[in-house]
Amino acid sequence: MAFSDARKSRGLYRAQVLRGERVTPHMVRVTFDGDELRRLPRHGFDQWFRLFLPRADGTTDFDAVPEGFGMAGYLKYLMANSHTRPLFRNYTVRMHRPEAGELDVDFVAHGDEGVAGPWAQRARAGERVVLLDQGRGFEVQDGTHLLVGDESALPAVLGILRDLPRDATGLALIEIPDPTDAQPVDAPEGFEVRWLPRADPHARPGALALETLRRYAPIDPAALSVYLAGEQALVAAGRRHLVAVGVPKQRIVFTGYWRIGRAG
Ligand SMILES: Cc1cc2nc3c(=O)[nH]c(=O)nc-3n(C[C@H](O)[C@H](O)[C@H](O)COP(=O)(O)OP(=O)(O)OC[C@H]3O[C@@H](n4cnc5c(N)ncnc54)[C@H](O)[C@@H]3O)c2cc1C
C-alpha cells in the first residue's frame, strides 16, 4: 500500500460526528465524516492529528484553528479569544475510509476529568470538529520490531501492525485496563502480540508494560527497532532501559502521550 510522505503533511480538515460507540469497556470509537476527509492524506502506521473540539456551550470559534502548529500558528491560536477558541488534544487515526469520507478515532474513556475523553463519551451526531494533520512518527526500519504502549497507544500500535510489511517480525506489548479491552489485530504472521491486562484497577497505567519490558532481553539489541508510546513514565523509563541494554538511541521512536495528573 502506498502512503503519503508524512513530512509534507499539514492542513486543516473539517468534519462532524457521524456516530459514537463503546467498542470495549474503556474505549469509545467516534466516527467522523465530511467531504474534506476524502482528501486527508494517508500516512498510515501511527498517523496522528490535533483534534479541535466543540465547546459545550456552542460558542466555538473554529476560525481560531491555525493552518499549522509552528510558532506562528500556535501564536495565532493563543491570541484568539480564550472563551471561544476550541480546545484540542492529540489523537491517532484508527481507521480512515477516504472513499466514504469517514474516519474512526478510538478515545480512551478515562473518566470525567479532561476534555477529549469525556467529550467522546457523550459525542452527538452532527457536532463539528477540526483536525490538523500531523503526519506520523513511525518509520519502518530493518531488524526485529518491538512495539510497546498502554491503552492510549493501542490505536498507534495496531495501526503499525496493520501497515508493516507482511514479512516483518517482532513483539508487541500492549497494556490495557481489562482483558476485555483487547481488540482484533491484523499483524504480520511473524509477530507475537501480547496483551497485558492490569490485574489491579488502581494500578498505575504503564507500570505493567514497563515491568514486562524490563524483563525482555533482546538477543541482538543493535538490530532492534523500537516504538514506545503511552504514559510519560513508561516511555521515559522504558527508553532508559532499552538504551542500557544496548539498543541504539536512533532505533527508538518514543512519545509521551499523556501524563498522570496533567491535562493536555
Ligand atoms: C501523538 C499522540 C497520539 C495520541 N493518540 C491517542 C488515541 O488515539 N487515543 C487516546 O485515547 N489517546 C491518544 N493520545 C493521548 C491523549 O492525547 C491524551 O490522553 C490526552 O491527555 C487526553 O485528553 P483529555 O482531554 O481526555 O484529558 P486531559 O485534559 O489531557 O487530562 C485530564 C486528566 O485525565 C488524565 N488522563 C489523560 N489521558 C488519560 C488516559 N489515557 N488514561 C488515564 N488518564 C488519562 C490526565 O492525567 C489528567 O489527570 C495521543 C497522544 C499523542 C501525543
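Author: The protein chain exposes about 12800 Å², by the Shrake-Rupley method with a 1.4 Å probe. Carbon and sulfur atoms supply 51% of that area. The model is predicted, so local features need pLDDT of at least 70 and side-chain atom pairs pLDDT 80 or more, while totals for chains, interfaces and linings use all residues. Residues are numbered from 1 along each chain as its sequence is written, and side-chain values use heavy atoms, without hydrogens or water.

The wider setting comes before the residue. The protein chain has five helices and twelve strands, which are DSSP runs (helices H or I, at least four residues; strands E, at least two) numbered from the N terminus. Along the principal axes, its C-alpha atoms fill a box of roughly 55 × 40 × 35 Å. Of the 264 residues, 50% are buried; buried means under 20% relative accessible area, exposed over 50%, and partly exposed in between, for protein chains only. Taking contacts between residues at least 6 apart in sequence (heavy atoms within 4.5 Å), 70% join residues at least 24 apart. An automatic or database assignment divides the chain into domain 1 (6-133) and domain 2 (144-258). The centres of the two domains, taken over C-alpha atoms, are 25 Å apart. Their contact takes 14 residues from domain 1 and 20 residues from domain 2.

Thr92 belongs to strand S4, which covers residues 87-92. Thr92 counts as buried because its relative accessibility is 6%. Leaving out residues up to four places away in sequence, Thr92 touches Asp46, Gln47, Trp48 and Phe49, together with Asp104, Val105, Pro155, Ala156 and Tyr257.

Trp48 and Phe49 fall in strand S3 (48-53), and Asp104 and Val105 in strand S6 (102-108). Pro155 and Ala156 fall in helix H3, residues 154-163. Helix H3 is mostly covered, with nine of its ten residues buried. Pro155 and Ala156 are among these buried residues, as are Leu154, Val157, Leu158, Gly159, Ile160, Leu161 and Asp163.

The loop between strand S2 (27-33) and strand S3 holds Phe45. Phe45 is not a glycine, yet it has a positive phi of about 50°. Most residues other than glycine have a negative phi. Phe45 is also buried, because its relative accessibility comes to 5%.

Thr59 sits in the loop between S3 and helix H1 (71-79), and its relative accessible area of 36% makes it partly exposed. Beyond residues up to four places away in sequence, Thr59 touches His83 and Thr84. Gly114 is in the loop between strand S6 and helix H2 (116-122). Gly114 counts as exposed, at 54% relative accessibility. A separation of 26 Å lies between the C-alpha atoms of Gly114 and Gly238, which are 124 residues apart along the chain.

To return to the request: Thr92 is a buried residue of strand S4, and its contacts include Trp48, Val105, Ala156 and Tyr257.

Terms used: Buried < 20%, exposed > 50% of the residue type's maximum accessible area, 1.4 Å probe, protein only.
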